[in-house]
Amino acid sequence: MIIGAGPAGLLLGQLLHEAGIENVIVERQSAQYVLGRVRAGVLERTTVGLLERAQVAARLHSEGHVHDGIGLAFDGVLHRLDLRALTGHGVTVYGQTEVTRDLMNARTAAGCVSVYEAAHVSVHDFDGDRPFVRYTHAGQEHELHGDFIAGCDGFHGVSRASVPSAAIRTFERVFPLGWLGVLAHVPPCHPELVYASHERGFALCSQRTPTLSRYYIQVPAGAQLSQWPDTAFWDELRRRLPTDVADAVITGPAAEKSVTPLRSFVAEPMRFGRLLLAGDAAHIVPPTGAKGLNLAASDVCYLAAAVREYCCEGSSAALDAYSSRCLERVWGAVRFSCWLSALLHRFPDTTPFDRRLQSAELDHVVRSRAASTALAESYVGLPLEI
Ligand code: APR
Ligand code: PHB
């Protein structure tokens, strides 16, 4: 039983289906609602590899864009980090919404069962051999019994919330700021993503397609959308970019606008008997490193392999190693995302001394091949040991 039809739950379902393992997804929202959520869109090569293994990479390869570099802008200058030259790899820009759509379509085509708009979902007996999920749908009570429950229900889901507090440890860092994101039907201002550090705050120029762009600016924690009409957003974005990049920004009405708090959260362990957490249900990373979706993918890669090994070979070795394998990768991504966030944002309590250190670190990253390689390696993603 998989709880949640976000990218973690859907990809897990597809990988298990490919391994011949029956699975059912139970999702609280409608499929339309799930597809309507705008999230990030930078895929590591390991995530692309997993989507290929799940047989859902055709559209990604035809409509996604491989980027071999990223831009880093500060002090009015745009620097390019050549990811391919530094690591041998690039990243693929393809919206999470499209990944979710491809996974949903593949699941429907495979005839796998997904229950949308399931209410009162609860998990039971995961400390025994026959865990079950209870939910109501269309006014009817249902119970699903099986071997495992995969908690892929995000940060606010029922899975982690059902774990006894004595059995779980959590770690959290909340940054005193957020990202105001705008999705607009305009061409991108630059062929690659641009991460800008500016005295007025961070800015990011990202994209989905040649006609759909995604932009972010750093705002104080608690900022309200009502404070940011489109014109104010575009003006502030341009102020934070080098002149040549700012001049290339084509503005338009926001098709979607939202504020994301900058925070990081990790729950340990990620397995509780027959309940296994994956994705945002177990960890949240600041969006700066674009690691959220990629971590969800690597979690379910380990989870699918562990369940397959248990069901097909009767071994629980991978199940027993599941939590530590995931957490090693999770903390690596948390380290990188927090470091990049500290490097590129302005904090209310930044002292002049801190400011100088930040500048020196930015200079170091673009001048030192070792430092830019370290950034590039984490950005393109570390190999996935299977
Ligand atoms: N019962 C059933 N479904 C639930 C419940 C519940 N009690 N609570 C939440 N869900 C569903 C949500 O409606 C959502 O569709 O679980 C799904 C969780 O999906 P995501 O939040 O997208 O989490 P995940 O699949 O782990 O994907 C992580 O999403 O938020 C981004 O940056 C994050 O990119 C990362 C990715
Ligand atoms: C996005 O395209 O939404 C995006 C890209 C890179 C990030 C974060 C978000 O680091």
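Modeller: Buried means under 20% relative accessible area, exposed means over 50%, and partly exposed lies in between (1.4 Å probe, protein chains only). This is a predicted model, in which local features need pLDDT of at least 70 and side-chain atom pairs count only at pLDDT 80 or more, while totals for chains, interfaces and linings use all residues. Residues are numbered from 1 along each chain as its sequence is written, chains are lettered from A and ligands numbered from 1 in the order in which they are written, and side-chain values use heavy atoms, with hydrogens and water left out.

Now the rings. A search of the whole structure gives eleven aromatic pairs. Rings of Phe, Tyr and Trp (its six-membered ring) pair if their centres lie within 6.5 Å; planes under 30 degrees apart are stacked, over 60 edge-to-face, and the rest tilted. One of the pairs joins phenylalanine 155 to phenylalanine 265. Their centres are 4.9 Å apart, with 90° between the planes, so the pair counts as edge-to-face. This pair links distant parts of the chain, 110 residues apart. Phenylalanine 155 lies in the loop between strand E12 (149-151) and helix H7 (158-161). Phenylalanine 265 lies in strand E17 (residues 254-268). Helices (H or I, at least four residues) and strands (E, at least two) are DSSP runs numbered from the N terminus. Phenylalanine 265 has a relative accessible area of 5%, so it is buried.

Phenylalanine 233 and tryptophan 234 also form an edge-to-face pair. Here the figures are 5.4 Å centre to centre and 80° between the planes.

Some rings gather into a group. Ring pairs link Trp179, Tyr195, Phe202, Tyr216 and Tyr379 into a cluster. Two of these names return at ligand 2: Tyr195 and Tyr216 are among the closest residues there, along with Ser206, Arg208 and Thr288. In total, 14 residues surround ligand 2. A residue is near a molecule if one of its heavy atoms lies within 4 Å of it.

An N or O atom in the side chain of tyrosine 195 is 2.9 Å from an oxygen atom of ligand 2. For the side chain of serine 206, the distance to a ligand 2 oxygen is 2.6 Å. For a polar side-chain atom of tyrosine 216, it is 2.5 Å. On its own, ligand 2 has 280 Å² of accessible area, and the protein covers 99% of it. Accessible areas come from the Shrake-Rupley method with a 1.4 Å probe; for residues, only the protein chains shown count as cover. Strand E15 (203-209) and strand E16 (212-220) are the elements that give two or more residues to this shell. E15 gives the most, with three residues. By class, the ligand 2 shell holds nine nonpolar, three polar and two charged residues. Ala, Val, Leu, Ile, Met, Phe, Trp, Tyr, Cys and Pro count as nonpolar, Asp, Glu, Lys and Arg as charged, and the others, Gly among them, as polar.

Next, ligand 1. Around it are 23 residues, and Glu27, Arg37, Arg39, Gln96 and Asp280 come nearest. A nitrogen atom of ligand 1 lies 3.1 Å from a backbone N or O atom of arginine 28. The side chain of glutamine 96 has an N or O atom 2.8 Å from a ligand 1 oxygen. A polar backbone atom of aspartate 280 is 2.9 Å from an oxygen atom of ligand 1. The protein covers 89% of the 710 Å² of accessible area that ligand 1 has on its own. Helix H1 (7-18) and helix H10 (292-313) are the elements giving two or more residues to this shell. The ligand 1 shell has nine nonpolar, eight polar and six charged residues.

Tryptophan 331 sits in helix H11 (residues 317-344). Its relative accessible area is 33%, so tryptophan 331 is partly exposed. Leaving out residues up to four places away in sequence, tryptophan 331 touches Phe171, Val266 and Glu268 (contact means heavy atoms within 4.5 Å). Serine 323 is also found in helix H11. Serine 323 has a relative accessible area of 9%, so it is buried.

Notes
Polar contact = N/O pair within 3.5 Å; in protein donor to acceptor, adjacent residues only side chain to side chain.
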